[in-house]
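Welcome, and please take a moment to turn the model around before reading on. The paragraphs below will lead you from one part of the chain to another.

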Amino acid sequence: MPTSAARIAPAPTIAYRDVLSDDGTRLRAWTNDPDGTIDGPTVLLCNGLGTGPWCWPALLRPDCQVRVVSWNHRGTGGSARPADPAHCGIEAFVEDALSVMDHFGIDQAPVMGWSMGVNTMFELVFRHPERVTGLFAVAGVPGDTFATMLAPFRLPRAIARGLTVSFARTLEVAGRVITPVTTRLPVGPKAIAVLTHSGFMFPVPDSEGAAHAVREFLTTPVDWFMHLAIATSEHGRVSLSKVGVPVAFVAARWDVLSGSRDMRSAAARIDAATYVELNGSHFVQMEQPDQVHARSEEHTSELQSPCNL
């Protein structure tokens, strides 16, 4: 069943469309270019699990010169759940990405990814290299994400994975009890102030936009979100030896959901990949939107240079 987006304030820079994936699942796709007026490059965004456009404030600005197309994950943000509940892992997300590209008439494009979306975009380039011209990874790793979690605590990978997957399974079971509470939580300036001083997330310049992002995220039932998370936890490392497009990584030093050390290691295994580490959390593109967006624009511009055409 679809989740409701009724509590999410509309934004004039976002347009939503329904798209059918290959297995018949209805997806809520979106773009920051509702009138087709952006003259810049088109980029596919593979977003973080269960998140929407509000997590990318720089892409929603009227002066953004990048046309972005993306979608909300299965069972979140107005997208329907698949007929087969098991069909919701990274491989299904790759199918969804291709369906969104086809719907918008995109043969190939640079791909941005955040969090679990980085898994998706690396799997996409591995399976369909002809559709991807470059990769821009923010706070995410190319596979086996749960083993990289809790990185600031420097736990062994096996222990980190065991703890985080077990936590997700516990919340999946308890989710039906928790959801009536989480979907009714008041999210305003005070809640964002607490969240952004928790260490899990750092202060953001746009607290109103962050509140929209959190409210949107909380519309997803906890048990379904954890079902998605557990499915994505089964996605192993993607082979990087055949990645033949330019890749840029932007990591966050205090990220507890995608380890920066693993991002640095992935960058080192890809020819000519770049790596930058910012002093932020997993939500670095919300905390430092100008810096992340500048890196993205630089990467996209380099893709347009004659040597990369």
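A residue is called buried when its relative accessible area is under 20%, exposed when it is over 50%, and partly exposed in between (1.4 Å probe, protein chains only). What you see is a predicted model, in which local features need pLDDT of at least 70 and side-chain atom pairs count only at pLDDT 80 or more, while totals for chains, interfaces and linings use all residues. Residues are numbered from 1 along each chain as its sequence is written, and side-chain values use heavy atoms, with hydrogens and water left out.

Let us begin with charged pairs. Side chains of opposite charge can pair when their charged atoms come close. A salt bridge here is a side-chain nitrogen of Lys or Arg within 4 Å of a carboxyl oxygen of Asp or Glu. By this rule the model has 14 salt bridges. One of them joins Arg28 to Asp18, with 3.1 Å between the closest N and O atoms. Because Arg28 sits in strand β2 (residues 26–31) and Asp18 in strand β1 (residues 15–20), the pair ties together parts that are 10 residues apart in sequence. Helices (H or I, at least four residues) and strands (E, at least two) are DSSP runs, numbered from the N terminus. Both partners are partly exposed: Arg28 has a relative accessible area of 22%, and Asp18 has 45%.

Now find Glu277, which is partly exposed at 23%. Which side chains does Glu277 meet in salt bridges? One is Arg253, at 3.2 Å from N to O. Another partner is Arg264, whose closest N and O atoms with Glu277 are 3.0 Å apart. Arg264 belongs to helix α7 and Glu277 to strand β8, so this bridge ties together parts that are 13 residues apart in sequence. Arg264 is partly exposed at 38%. Elsewhere, salt bridges with shared partners join Asp144, Arg157, Arg161 and Asp262 into one network.

Helix α7 also has a buried side. Its buried residues are Ser260, Met263, Ala266 and Ala267. Seen down the axis of α7, these residues fall within an arc of 115 degrees, so they line one face of the helix; the arc is that of the directions from the helix axis to the C-beta atoms. An α-helix has 3.6 residues a turn, so residues three or four places apart point the same way. The buried residues of α7 pack against β6 (132–138), β7 and β8.

Next, is Cys55 buried or exposed? Cys55 is buried, at 5% relative accessibility, and its place is in the loop between β3 (42–46) and β4 (67–71). Leaving aside neighbours within four places in sequence, Cys55 is in contact (heavy atoms within 4.5 Å) with Trp114, Ala213, Gln285 and Met286.

Finally, look at helix α3 (residues 157–182), where you will find Leu163. Leu163 is partly exposed at 47%.
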